[in-house]
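Here are a few friendly notes to read alongside the model.

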Amino acid sequence: MFCGEIKNHSLQFKTMKKITAWFIHPPVTGTESIIILRLMAGAVFAWEGALKFVYPNQGVGRFTKLGFPAPELTAHFVATAEIIGGLLLLFGLLTRIVSFYFIVQMVIAVLTTKISLYLGTSPLPLPPAPPKTGIWAVLHEIRSDYAQILICVFLLLEGAGKKSLDAALKKKTVYRLV
């Protein structure tokens, strides 16, 4: 059994090494127009993070109503991560890591807000105009979340593109190795 355990740990280590390399060394050969998607997603995350600090109903108040544990800590963590992550996307630095984080964050946001909207039990204010609950209300209210998630999926798979700090750092590393 001992030899089998060593092989299993070796395989796990190799798998983790591949996953880490995939995140840390993204492709940077994508079209220069990828910057448009980075500007859109990065700016939205950055200003939404700032809003969580500026307006308590968007930050601590919202997290309290949704029943998050330690709502003040959670709201400030999420807000800070959105500001920093948004700026990183704008500059195209650590794009895959940030995109993965935002995908997870947005899926959690959708699950914690849209299921109760569908059921009509949301602790948050209902939409100002019909539909107020049900699937059509969810589809209307989820549009921005959906766009942000899909842009982050694209950036996760394709990387930041040629006009990014990820690309500049990769060029610098290649030149040092040559």
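1. Let's begin with Val98, a residue of helix H5. Please keep in mind that this is a predicted model. Is Val98 buried or exposed? Its relative accessibility is 8%, and because buried means under 20%, Val98 counts as buried.

2. What does Val98 touch, leaving aside residues up to four places away in sequence? The list is Gly85, Leu88, Leu89 and Leu93.

3. Next, the pairing of H4 and H5. Helix H4 covers residues 71–91, and its axis comes within 10 Å of that of H5, with a crossing angle of roughly 140°. H4 is therefore oblique to H5. As for handedness, the crossing of H4 past H5 is left-handed.

4. Which residues make that contact? H4 brings Phe77, Val78, Ala81, Glu82, Gly85, Gly86, Leu88 and Leu89, while H5 brings Thr95, Val98, Ser99, Tyr101, Phe102 and Gln105. By class, the H4 and H5 contact residues are 8 nonpolar, 5 polar and 1 charged.

5. Leu89 deserves a look of its own. Not counting residues up to four places away in sequence, Leu89 touches Arg38, Ala41, Gly42, Phe45, Thr95, Val98, Ser99, Phe102 and Leu155. Among these partners, Val98 also has Leu89 in its own contact list.

6. Leu89 turns up again in the largest nonpolar core, which has 15 residues. Those with the most contacts inside this core are Phe45, Leu89, Phe102, Cys152 and Leu155. At least two core residues come from each of helix H2 (34–54), helix H5 (95–119) and helix H7 (143–158).

7. How do H2 and H7 cross? Their axes come within 10 Å, at an angle of roughly 130°, so H2 is oblique to H7. This crossing of H2 and H7 is left-handed.

8. On the H2 side, the contact is made by Ile34, Leu37, Arg38, Met40, Ala41, Val44 and Phe45. On the H7 side, the residues are Gln148, Ile151, Cys152, Phe154 and Leu155. The residues of this H2 and H7 contact divide into 10 nonpolar, 1 polar and 1 charged. Phe45, Cys152 and Leu155 are also among the core residues with the most contacts.

Technical notes: Residues are numbered from 1 along each chain as its sequence is written. This is a predicted model: local features need pLDDT of at least 70, side-chain atom pairs count only at pLDDT 80 or more; totals for chains, interfaces and linings use all residues. Side-chain values use heavy atoms; hydrogens and water are left out. A nonpolar core is a set of buried Ala, Val, Leu, Ile, Met, Phe, Trp, Tyr and Cys residues joined through side-chain atoms within 4.5 Å. Buried means under 20% relative accessible area, exposed over 50%, partly exposed in between (1.4 Å probe, protein chains only). Helices (H or I, at least four residues) and strands (E, at least two) are DSSP runs, numbered from the N terminus. Contact means heavy atoms within 4.5 Å. Axes are lines fitted to C-alpha atoms, for helices over the stretch in contact, and angles run from 0 to 180 degrees between N-to-C directions. Angles under 35 degrees count as roughly parallel, over 145 as roughly antiparallel, 65 to 115 as roughly perpendicular and the rest as oblique. A crossing is left-handed if the near helix is turned anticlockwise from the far one by less than a right angle, and right-handed if clockwise. Ala, Val, Leu, Ile, Met, Phe, Trp, Tyr, Cys and Pro count as nonpolar, Asp, Glu, Lys and Arg as charged, and the others, Gly among them, as polar.
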